[in-house]
Amino acid sequence: MASGTRKEHNGNSRGARYVRVMMGLLMAAVAAAAPLWLNSDTLSDYTRKAAIFSARLQTPAAQPAQGLVSKEAEETAPPEGEVVEPVATTAEEATTAAPTTTTTTTAPTQPPEGRKPISEVQLGSTKLKSGNVSVKNGTSYSIDIDKVLKEKPDCKIKLNAGYQVLIMHTHTTECYAEDSSGSYDPNYSPRTTDKSQSVIALGDVIADKLEAAGIRTLHATTVHDYPQYNGSYDRALETISGYLEQHPSIEMVIDVHRDAMTQDDGTKLKPTAVINGKKAAQVMIITGCDADGTLYFPEWRKNLRMAMQLQKKVADNYSGLMRPLYFAPFRYNMHMTPNSLLLEFGTDANTLEEALYSAELVGTQLAELLKGYEV
């Protein structure tokens, strides 16, 4: 999923607006009329159920168009391991919203005939930063990093209890470079239905780290982007809603992706960092903003708190691993829990090995972070 081309449009139909307004009024009325015996845990549970109900009320036509615009995929599923048709992506300019420092670690060389170059880079800090935390603010909302870091996330983890975390993949077939030669075949598609080669493999690593720490984790491997790519987020929403209904103990939803950045001349960017002498794919956290209230995302500030906490913890322990946190004016289904995260591991120029190592590092730090919210 490319950060430079990802778009989510607000629902413009009157039906969608009517649903959001009515659900907002209903939730506000319940909160105002809540008797003294309705404690915070009960109210939080009601809010979550209301969000699920609201999501199911909205018809596909009224849902935000959350996926990338791409050509129609084939109608039949490909054989196991066969790559899916590629989706054109374009690199996001580093100067958009907040300039990002880019340090080239390996300059692209003249590739063999028929191949295009890969430039290995480390995407660094932005103007908006505090300590090791850098934020790329793509919204008009002003962020005080230190203030957000002082605000405790709304997260209650019960160790060795019911499922606490759901890991899923909106763009399930995203995978990585075919080799580490420093160039790529433009006909190669970085998408596959082979679960051992796609972002599903990263989800397995993160889930194992959380489970080892006593944090019970569900890993949904449902394919949402094939054979139809458009509408991936709508289908992913159905998956998330179903799991939250079955397991109301889930405190966090993690959507694991792979980014893609391609310059105008066809050069692909490969963001990497060396951690403990080993090369890792850089990681970007995306969290959404709904400052004007048009996305039906009332708890976006809570998501921001959790995202900021993870950004800081990983950046403090693994220098250079994190790209600046991307604060975006989109929802990406993060409205379903107050601790939803969207994680981008490397790009289609990184190798699977580099991405798996990053998943191991992030998974370790995430487990430690969540154990701090044990109740």
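**Ring pairs and charges**

Modeller: Tyr141, Trp300 and Phe327 are joined into a cluster by ring pairs. Rings of Phe, Tyr and Trp (its six-membered ring) pair if their centres lie within 6.5 Å; planes under 30 degrees apart count as stacked, over 60 as edge-to-face and the rest as tilted. This is a predicted model, where local features need pLDDT of at least 70 and side-chain atom pairs count only at pLDDT 80 or more, while totals for chains, interfaces and linings use all residues. Residues are numbered from 1 along each chain as its sequence is written, and side-chain values use heavy atoms, with hydrogens and water left out.

Colleague: How many aromatic pairs are there by that rule?

Modeller: Five. One of them is Tyr233 with Tyr332, a tilted pair at 5.5 Å centre to centre with 35° between the planes.

Colleague: Where in the chain do Tyr233 and Tyr332 sit?

Modeller: In distant parts, 99 residues apart: Tyr233 is in helix α5 (residues 232–246), and Tyr332 is in the loop between β12 (325–328) and β13 (341–347). Helices (H or I, at least four residues) and strands (E, at least two) are DSSP runs, numbered from the N terminus.

Colleague: Is Tyr233 buried or exposed?

Modeller: Buried, at 1% relative accessible area. Buried means under 20%, exposed over 50%, partly exposed in between (1.4 Å probe, protein chains only). Tyr332 is buried too, at 3%.

Colleague: New topic: which ring does the charged end of Arg216 sit over?

Modeller: Tyr163, at 4.1 Å from the ring centre. That label needs NZ of Lys or CZ of Arg within 6 Å of the ring centre and within 35 degrees of the ring normal. Lys268 lies over the face of Tyr184, 4.9 Å from the ring centre.
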